[in-house]
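We will go from stop to stop, selecting a few residues each time.

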Amino acid sequence: MSPERTPILKVSNLVKRFGGFHALDGLSFHVTPGEILGLVGPNGSGKTTAINVISGLYAPDGGEVTFDGASAGGAASHRLVHRGINRTFQVPKPFLSLTVRQNIQVALAYGGATGAPSIAELLDDYRLKEVADRPAADLNSAQQKMLDLTRALATRPRLLLLDELAAGLNPAELDWIAGRIKALAATGMAIIVVEHLMGFIEQITDRVIVLNAGKEIFEGTLATAVREPQVIEVFLGGEHAR
Amino acid sequence: MPSAASRHLLFILAPLVAVFALLPGVYQNHLLLFNFVIFLILAQGVNIIYGFTGYLPFGYVGFFGAGAYGFAIMVMHLQWPAVLAVLVGGVVAVLLGLLLTPLLRLSGAYFAIANLAASLAVLHFVANPALEGITKGPYGVSLTGTFNPTHAYYAAVVVMGLTVAAVVYLKNSAFGLALQAVREDAVSASMAGVNVVKMRVIAWLASALIAGLAGGIYAWYVSVFYPDNVFSGEFSIFAIVFALFGGVATITGPIVGVIILYGIYNLIGFTTPQYFQLIYGLLIMGLVLFLPAGLVSLATRRGWNVP
């Protein structure tokens, strides 16, 4: 394994329980710098829980999260941000009464990153220039998603977790954001994408992991995954799998 | 062009301090002026903890009373000079704030009620007859040795100036922005790299310090008081209503709120007390219904930037 391909994130045997429900039940995977990994699976399969554990919102009940060679499981979110992990949210969570510019300023000031992109670059790159001085509450949902993304990028992450960033975007916006995500990966950023839009996943990912009931049931390219009987079964039901 | 912070210091802080420093020379009711300054301090203290971080401190007077008793104990038992005793009042309030930091785990109405309960607990602790040897219990304190309303008044003006300067800093710094980010969404704030717990504790202790200093100066000014006076819920309610009326998370909002509402209180509360409750009630109802973000929102709605 060349140094380039050393995983930046390794997740082994991750367990997360909510009461008696096992949201993650021994999940293991890795992602390398510059790679775009897709996490797919039906609702409730544990995709968002995995992202919440990796980004420090939940402490794991078992297993290991290793980021950049050191343990990261159960660490506080802001510390993980300083170490180079960031994320977006399925339902974007901007600071509503602050302006777009101020939203990004907070992350630039507290993200602990050196060499982060400037506000002007981020506003320009993610089509927020026109609304820079408006409160985030005035933005439409696609713009709020982009603001969520720029908040994450302002901390200059080396691992970026995108939770359904593409949902609700129109086809032209999808193409544009796919190009943006690929460009970020080309800089060496590792990216994990949770998404329901399979066309979008196919367009941007190198590899996917299919989850069901908190476990991995498939790993490989999406093109292979869709021919896998076990994958077809969890998505469409048993009668469709041959 | 000067920075926004220096403009705020020059055009808001400096005139405010100058007016209250000069008014005693031309206006005879010094007690009224003193009360104005005390409420300006407390309303800005509420602004810091509520406006910038979202915690509504219904028991804010607990810090004020703790500051007053911190002052009284230093003067009664150790004969400390008044200025140092005021500082101790601030420290006592900060220590009380540290003791109460677990309350910050609560939010919304739960925090407000727990904070109110905590302030009542401190009142009953101080007023306990068993502590007569230290606090004089329910019998009240008399601090004739340090009585000097003129010095106490100017000390209050200084603390008001420092408090407004602190709010100017919050309004113009990344630190203040991060506090507001925590208020808006603590999870997103942590994903912006902000240490949410640390920020909340700093704001909480800063607002405790401000109320403690104000309480110490109040004790210095009045010299004779009972636990019920300095732990009166009116201080919390007035400070909160004044801050909300003007508009929180701004520098000018709480100032405008105190000047208008406390002005009306003194105008009609004494001359025509029979109408006072009615007019006050109507004003506050009107505010909640039509201007929930305070008077300053009349300007911000038009797109004007209100400092």
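## Stop 1: a lysine with two partners

Select Lys93(A), which is partly exposed, with a relative accessible area of 25%. Keep in mind throughout that this is a predicted model.

Lys93(A) and Asp185(B) form a salt bridge, and their closest N and O atoms are 3.2 Å apart. This pair crosses between chains. On one side, Lys93(A) sits in the loop between β6 (85-87) and α3 (100-110) of chain A. On the other, Asp185(B) sits in the loop between α8 (174-184) and α9 (186-191) of chain B. Is Asp185(B) buried or exposed? Asp185(B) is buried, because its relative accessible area of 14% falls under the 20% cut-off.

The charged end of Lys93(A) sits over the ring of Phe89(A), 5.4 Å from the ring's centre.

For another charge over a ring, select Arg180(A) and Tyr126(A). Arg180(A) lies over the face of Tyr126(A), at 5.4 Å from the ring centre.

## Stop 2

Side chains of opposite charge can pair when their charged atoms come close. Over all chains, the count is 12 salt bridges.

Select Lys16(A) and Asp61(A). They form a salt bridge, with the closest N and O atoms 3.9 Å apart. Lys16(A) lies in strand β1 (residues 9-18) of chain A, while Asp61(A) lies in the loop between α1 (47-54) and β4 (62-67) of chain A, so the pair ties together parts that are 45 residues apart in sequence. Colour the two by accessibility. Lys16(A) counts as buried, at 10% relative accessibility. Asp61(A) counts as partly exposed, at 38%.

Next, select Glu35(A) and Arg207(A). This is also a salt bridge, and here the closest N and O atoms are 2.6 Å apart. The pair links distant parts of the chain, 172 residues apart. Look for Glu35(A) in the loop between β2 (21-31) and β3 (36-40) of chain A. Look for Arg207(A) in strand β9 (residues 207-212) of chain A. Both Glu35(A) and Arg207(A) are buried.

## Stop 3: rings in chain B

A pair of aromatic rings is described by the distance of the centres and the angle of the planes. The structure holds 26 aromatic pairs over all chains.

Select Phe238(B) and Tyr265(B). Their rings are edge-to-face, at 5.2 Å centre to centre and with 85° between the planes. Phe238(B) belongs to helix α12 (residues 233-246) of chain B and Tyr265(B) to helix α13 (residues 252-271) of chain B, so the pair ties together parts that are 27 residues apart in sequence. Phe238(B) and Tyr265(B) are both buried.

Tyr262(B) is buried, with a relative accessible area of 5%.

Now widen the view. Ring pairs link these residues into a cluster that also includes Phe34(B), Phe64(B), Tyr218(B) and Tyr280(B).

## Stop 4: a patch on the surface

Switch to the surface view. Select Tyr275(B), Leu278(B), Ile279(B), Leu282(B) and Met285(B). Together they make a nonpolar surface patch of about 510 Å². Click on Leu278(B), which is found in helix α14 (residues 273-290) of chain B. Leu278(B) is exposed, with a relative accessible area of 52%.

## Stop 5

Select Thr53(B), in the loop between α2 (30-51) and α3 (61-78) of chain B. Thr53(B) counts as buried, at 5% relative accessibility.

Finish with Ala4(B), in helix α1 (residues 4-26) of chain B. Ala4(B) counts as partly exposed, at 28% relative accessibility. Ala4(B) and Val168(B) are 164 residues apart along the chain, and 9.1 Å separates their C-alpha atoms.

Notes:
Residues numbered from 1 in each chain as written. Chains lettered and ligands numbered in written order. Predicted model: local features only at pLDDT ≥ 70, side-chain atom pairs only at ≥ 80, totals over all residues. Heavy atoms only, no water. Phe/Tyr/Trp six-rings, centres within 6.5 Å; stacked < 30°, edge-to-face > 60°. Helix = DSSP H or I, 4+ residues; strand = E, 2+ residues; numbered from the N terminus. Buried < 20%, exposed > 50% of the residue type's maximum accessible area, 1.4 Å probe, protein only. Lys NZ or Arg CZ within 6 Å of the ring centre and 35° of its normal. Patch = residues over 30% accessible without salt bridge, like charges linked within 9 Å, V, L, I, M, F, W, Y side chains within 5 Å. Areas by Shrake-Rupley, 256 points an atom, 1.4 Å probe, with all protein chains shown as cover. Salt bridge = Lys/Arg side-chain N within 4 Å of Asp/Glu carboxyl O.
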